[in-house]
Each structure stands twice: as structure tokens, then as C-alpha cells.
Amino acid sequence: MFEFCADPRSLEGLQWLGCYLTTATHFSFYWSFVIVLLLLAVTAPLALAFGFAGASAARSHVLPVSWIGRGYIAAVRGVPDIVFFLFFVIALDQGLEWFKHLFVCDDLSQPVWNNGEFRVCPAAKVPLGTASPFIVSAYSFGLAVTTFAIVFGAFAANVLYGAMNAVPRAQLETAEAYGMSHRQVFRRVLVPQMWIYALPGLSNLWLILIKATPLLFLLGIKDAVYWARELGSAKTSGNNPYPHGDWRLFYFLALLVFYLVSTRVSEIVLTRITRRLSRGQATRAGEEMRKGGAAA
Amino acid sequence: MKKLLLASALVALGSGAFAQDSIKIATEGAYEPYNYIDQATGKLVGFEIDLAAELCTRAALTCEVIQNEWDSIIPNLQSGNYDAIMAGMSITDERKKVITFSDNYTPPSKSAYMAAAADANIGEGAVIAAQVSTIQSGFIAEQAGVTLLEFASPDETVAAVKNGEADAVFADKDYLVPIAGDSGGALVMLDGQDVALGGGIGVGLRQSDTELKAKFDAAIQSMKADGSLNALIEKYFGPEAEKF
């Protein structure tokens, strides 16, 4: 990056460090933090959507819909995360290719699963073998987002389901007494009031989601933890311009700072949201705010 | 019926051959000097990356080398995420049950011990570090009275010796020698304890990809014949390395 970095072996002290920290691998390391944040930004709303759909389905008066909702919540919550991330991703990937295989391949006589091998014709590959590296990364990123959203959606569904049940029955009855239909009660009274009950559970999930992002490497995405391990591992002098010993400790300390900072920032934001949502609610916090407002 | 099957098999082979002009090769990217990430540029480099480029030129294939974790490198080959493995993978009977190998592109390599002191115990009661699912970890597991300590990456096996968790690390000699040389005497190779394991390193392929195997075999043979493979081995492993 800097001109004086051309011959790292002749450098010392801060100059060496400056060059070392601006190598292409280090920029990949810095970029991986952006990837992690991007993943969080995309996954959280998607997981919430999955959760909302799951919870609404579980509450449905139509039995099959309710079964689907409950089944989703129970099945995903019961499977260990690591199994989900190893098995489900492969299953989803192979499932997509198998499905595409049925439509685009000319020769369907060969078995797809054979002798431990999974084989579809080149045209059925997802992404295609000729796809650009960007498409390949986007696809694995998409797989990661989907998997995270399904797993965390199930937990969110359970939280929201509980929150919906926690809204005081009197509130709903009053709405019904005004002549609102089921849907109107759900949309105008239940949903606006349930968030305050859901927030503690959802904030837990958010923090767990932040910590779960290192699972990304299982999905073939080079995340911050991968780069910390790769950059921190000892480098011999033979082939590396910046040889050093085992520096993983320092890199993991940097990760620690990153995760602690993001946890702290989340806490501050969540406290604000809690305050905002408590306003006018029939909860203790809402009541206190009302009294505080009246006194002032 | 038989003819029909044969015909469809030929069609399958034909379409396969066309598509295989472009293939993906997986490597671990953490096994210097076989395959590793270039510190300055972040690109995959090493003996196997150079070798892959040359083999693909000779076999008229368009190749892309991608990185995959060692643990899942064989399952991902089988589920078709890439078409070949070149990751310092020794040819063993165990692996041959699952995948197939091209001809070896390095001679059967020496595995060696590295420890904190030259008089370190590697016999009865010793704790030896090795990378998981490697030919070396398999060897240590069979030694009576020796405890095997497995790690996911080669780097961690060396760290285990440094922090005293293991008495010695057992790995490919070519991997350990530069590390011992750099350590300033903190780590030493245990001379005279080398073990020759496996049938050399080869390209790992799906068992059904017989055509691709033939292409790699031919390319490796031609590199062995004109001496370019030996030159490449010497470039990466030094003049003392074993050659064909």
C-alpha cells in the first residue's frame, strides 16, 4: 500500500507494522467484519419475518396452519445448531440441484445419489460451474442468510407466540366489544401491544445471533474468525514477507473487542427501543412513564 | 438393452467431457509450502497451486483453485462442489475406499517428529500432536502406549508442542523443517525418526470421474517424463527433497 513497503524485510518497528497491517490479507480481515455486519443486517429482519409468520400460523384457528406453525417451531428448536448448519445447508444445496436436475438435464437415467456421490448434470449445478466468483459468494451468502433466518426464526416465533399470549385478554375483549373483527383485533391491538413483551426474548436472540456468526465458516464464507486464525497463525520466514510467531492471541483479542463493542451498542439501542415501546402500555414500565409524565 | 445402456453411458460421458473443460480444484490453503495464502496478496499460492496450473495446461482444462476446510474436503468433493482435491493428500487405502487418486505427484513423503528438545520422548507414554484425518494421525493412533492429540489445522499441532500440551508433533517433514528452522532452536526435528507413509500425494477425484483421472494421470506422467515435476519439487522443497 505504502511505497516503502516494497521490501518488508528491511523495515522495522512502526513502519513494519504499518505495512503488515495494510497487506491484502489484512484488508480481507477488515472486510470480513463488514460481511458479518451485513449478514446481521439482512438476517435479523428476515428471521423476525419467519418468526412472525411462524407465531401467527401457530395461533391460527385453522388446524393445519396451526400444525405447520407449531411443527416448524418444535422441529427447528429441537435440532442442535451445528447439525443444522452442517446438514441442512448440504441438504438445501443438494435439494435445489436435484430439483433443477429434474427439469434441465436431458439424461435422467443415472441415479443422482450413487455410492456416496451426488451427481447432477453440469447445467443443474447451483450456482453454475461457469458462474463468476461474485455469484458464487453471493449464493453461499444467501444460503447462510436462509439458514440463519430459519433457525433464529423458530426461536423468534416461540418468543412472539408467548408475547401474543401475554397481551392482557381485557385489551382484546375491549376491542371486540367495539365491534372489531378477529383480523382487526390482531392488527390494531394485539400486534402493537405484544412487542414490549417480546423484546426481552428478542434481544436475547439478537445477541446470540451476533455470537453465532462464526458458524459462517462452516458455510464456506471467510468470516472474521477464519481470518483471525489464518493471519494469526505462525508464518515461517521462507515464503512469507512478514514472518512472525503465533499471534492468534492478539487477533482473537481484536475479535473480542469487536464482539464486546457490538454487544454494548446493541444493549444501548435495545434500551431505547424498550423505552419507546413502553409508552402508553398497560405494563409497569408504561405505567411509571405515565405517572412520571403527569408529575412533570 | 445392453446397447441402450451403453449408448446412454456414452452420451453421458460425451456431455461430461464437454463440461469438464472447466473444473474446480479444492485445496486447504493452510499447509505451507504445499498450499497456503500469500501473506501480501491474499491469493492461494504454493507447490500445488503451481502444479495445478501446469497440469491443467497440459490436460487442456480450465481450472480454478478454491479453498475448502480440510475436515470437509472429501464430503464436498463427493457432493460435487468441486471436481478435484490437491491439498497435500497422501494416497492411502483408507481414502481409496471413498475417492480415487491420480498417479502420485510427489514421491512417498517422509513424515517426521518435531519437539521442543532433541531428547523428547516419542515412545511409551508420549503425547503426540497430529492433524485430524491425516495419514500421520492414523499412524500415531496405531502406536501402542502413545496418546494422539488431534487438531483441525496443522498450525495448531505446532502450537500444541510450543505450549507443552504435546511432547512432539508428527507431520510431513517438508512442512515441519521450515518451522523448526525459524524457531531459533526452540523447536527441533528429531533426526533418525522419520517414517515413510503412504503412496505419495495424488490428486483426489470422485470414483466415477474416470475420464478426469485419465487426463490428470497423463499430465502427471508427461511432467515426470520431461523433468518439470522434479524442477517444481526442487523449487518448493529444496535440493535435498526426494524426486522422481
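Visitor: Which residues are linked in a network of salt bridges?
Guide: Arg119(A), Asp83(B), Arg206(B) and Asp209(B) are linked that way. Keep in mind that this is a predicted model.

Visitor: Why would side chains pair up like that?
Guide: Opposite charges can pair when the charged atoms come close.

Visitor: Are Glu97(A) and Lys125(A) buried or exposed?
Guide: Both are buried.

Visitor: What does Arg229(A) form a salt bridge with?
Guide: With Glu69(B), where the closest N and O atoms are 3.9 Å apart. Arg229(A) is in helix α8 of chain A and Glu69(B) is in a loop of chain B, so this pair joins two chains. Arg229(A) counts as partly exposed, at 30% relative accessibility, and Glu69(B) does too, at 25%.

Visitor: OK, new topic. Which residues form the nonpolar patch on the surface?
Guide: Among them are Trp98(A), Phe99(A), Leu102(A) and Trp113(A), and the whole patch has about 730 Å² of accessible area. Helix α4 of chain A gives the most to the patch, with five residues. Leu102(A) lies in that helix and counts as partly exposed because its relative accessibility is 37%, between the 20% and 50% cut-offs.

Visitor: How many helices and strands are there in chain B?
Guide: Nine helices and 14 strands. Its radius of gyration is 19 Å, close to the 18 Å that the globule rule gives for 244 residues, so chain B is as compact as a globular protein of that length. Of those 244 residues, 51% count as buried.

Visitor: What about Asp217(B), is that one buried or exposed?
Guide: Asp217(B) counts as buried, because its relative accessibility is 15%, under the 20% cut-off. You'll find Asp217(B) in helix α8 of chain B.

Visitor: What does its side chain reach?
Guide: The side chain of Asp217(B) reaches the backbone nitrogen of Asp103(B) at 2.7 Å. Leaving out residues up to four places away in sequence, Asp217(B) touches Ser102(B) and Asp103(B).

Key. Residues are numbered from 1 along each chain as its sequence is written. Chains are lettered from A and ligands numbered from 1 in the order in which they are written. This is a predicted model: local features need pLDDT of at least 70, side-chain atom pairs count only at pLDDT 80 or more; totals for chains, interfaces and linings use all residues. Side-chain values use heavy atoms; hydrogens and water are left out. Patches are made of residues with over 30% relative accessible area and no salt bridge: like charges are joined within 9 Å, nonpolar side chains (Val, Leu, Ile, Met, Phe, Trp, Tyr) within 5 Å. Accessible areas come from the Shrake-Rupley method with a 1.4 Å probe; for residues, only the protein chains shown count as cover. A salt bridge is a side-chain nitrogen of Lys or Arg within 4 Å of a carboxyl oxygen of Asp or Glu. Helices (H or I, at least four residues) and strands (E, at least two) are DSSP runs, numbered from the N terminus. Buried means under 20% relative accessible area, exposed over 50%, partly exposed in between (1.4 Å probe, protein chains only). The radius of gyration is taken over C-alpha atoms; the globule rule is 2.2 Å times the number of residues to the power 0.38. A polar contact is a pair of N or O atoms within 3.5 Å; within protein, one must be able to donate a hydrogen and the other to accept it, and residues adjacent in sequence count only if both atoms are side-chain atoms. Contact means heavy atoms within 4.5 Å.
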